[in-house]
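Take a look at the sequence and the model, then try each task before reading its solution.

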Amino acid sequence: MGSDAPKSASGACIALYVPNLIGYARLGLTAASFYFAFSDYRLSTILYTAGHLLDGADGYAARLLNQSSTFGAVLDMVTDRVSTAGLLVILSHLFKDQWFLFVMLLVLDIGSHWFHMYASNMRSVKSHKAIDQTQSWFLRLYYYERSVL
C-alpha cells in the first residue's frame, strides 16, 4: 500500500485490517462461485456458501479486534449486494421463465438497502444496524437475530 492508503488513529493500514482481509476473501469466493456456476454447480454452491459463512466472521473480527471502519462496513455491504445480484443473475439464466421475479428481487434488495441506509443517515446514527425498539420488528429480526444472519 502506498503512503496514501487510509490509516487508523494508531497508524495501521485500514485496508489490511483482519475484517477487511476476510471481506476480500468473501469477494474471491463469490467470484469463484460465479465462475463455476454453469460448469460445476456443486463447487459453485460450496464456494458461495463459504463466502456467506464468512459474512458473520468479518463483523465478529471487527468487534473482537477493535478494527471497525467505515471502509470495512462499506466493503461488507457492497460484497453482500454483489453476491446477491450475481446469484439472481445466474438464477435468471437458469430459470428463464422466472427472469422477471429475479429482476424484481434484485431491485428490492438494492432499493431497500439504499432506503435503509438513507434513513439511517437522516437519523444521524453511526451504523445502519442501529435499530431501536421503536423501529420495525422485521429490521430488528434481520440485524440482531443470529439465526437469521
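The exercises below go from the whole fold to single residues.

This is a predicted model, in which local features need pLDDT of at least 70 and side-chain atom pairs count only at pLDDT 80 or more, while totals for chains, interfaces and linings use all residues. Residues are numbered from 1 along each chain as its sequence is written, and side-chain values use heavy atoms, with hydrogens and water left out.

**Exercise 1. The overall fold**

Find how many helices and strands the protein has, and what share of its residues is buried.

Step 1: Helices (H or I, at least four residues) and strands (E, at least two) are DSSP runs, numbered from the N terminus. The protein has five helices and zero strands, which gives the pattern α-α-α-α-α along the sequence.

Step 2: Buried means under 20% relative accessible area, exposed over 50%, and partly exposed in between (1.4 Å probe, protein chains only). Of the 149 residues, 32% count as buried.

Step 3: Now look at contacts, meaning heavy atoms within 4.5 Å. Among contacts with a separation of 6 or more, 53% join residues 24 or more positions apart.

**Exercise 2. A residue in a loop**

Locate F38 and list its contacts beyond its neighbours within four places in sequence.

Step 1: F38 sits in the loop between α1 (18–36) and α2 (41–64).

Step 2: With those neighbours left aside, F38 is in contact with I90, H93 and L94.

Step 3: Take L94 from that list: 56 residues separate F38 and L94 along the chain, yet their C-alpha atoms are 8.8 Å apart.

**Exercise 3. An arginine in helix α1**

Decide whether R26 is buried or exposed, and trace what its side chain reaches.

Step 1: R26 belongs to helix α1. Its relative accessible area is 1%, so R26 is buried.

Step 2: A polar contact is a pair of N or O atoms within 3.5 Å; within protein, one must be able to donate a hydrogen and the other to accept it, and residues adjacent in sequence count only if both atoms are side-chain atoms. The R26 side chain makes such a contact with the side chain of D76 (2.7 Å).

Step 3: The side chain of R26 also reaches the backbone oxygen of G51 at 3.2 Å.

Step 4: Neighbours within four places in sequence aside, the residues in contact with R26 include L54, D55, D58, T79 and D80.

**Exercise 4. A cluster of rings**

Work out how W114, F115 and Y118 are linked.

Step 1: Rings of Phe, Tyr and Trp (its six-membered ring) pair if their centres lie within 6.5 Å; planes under 30 degrees apart count as stacked, over 60 as edge-to-face and the rest as tilted. The count by this rule is five aromatic pairs.

Step 2: In one of them, W114 and F115 have ring centres 5.0 Å apart and planes at 75°, so this pair is edge-to-face.

Step 3: W114 and Y118 form a stacked pair, with 5.3 Å centre to centre and 10° between the planes. These two residues are about one helical turn apart, because they lie four residues from each other in helix α4 (residues 99–122).

Step 4: Finally, check accessibility: F115 counts as exposed because its value is 57%, whereas Y118, at 44%, counts as partly exposed.
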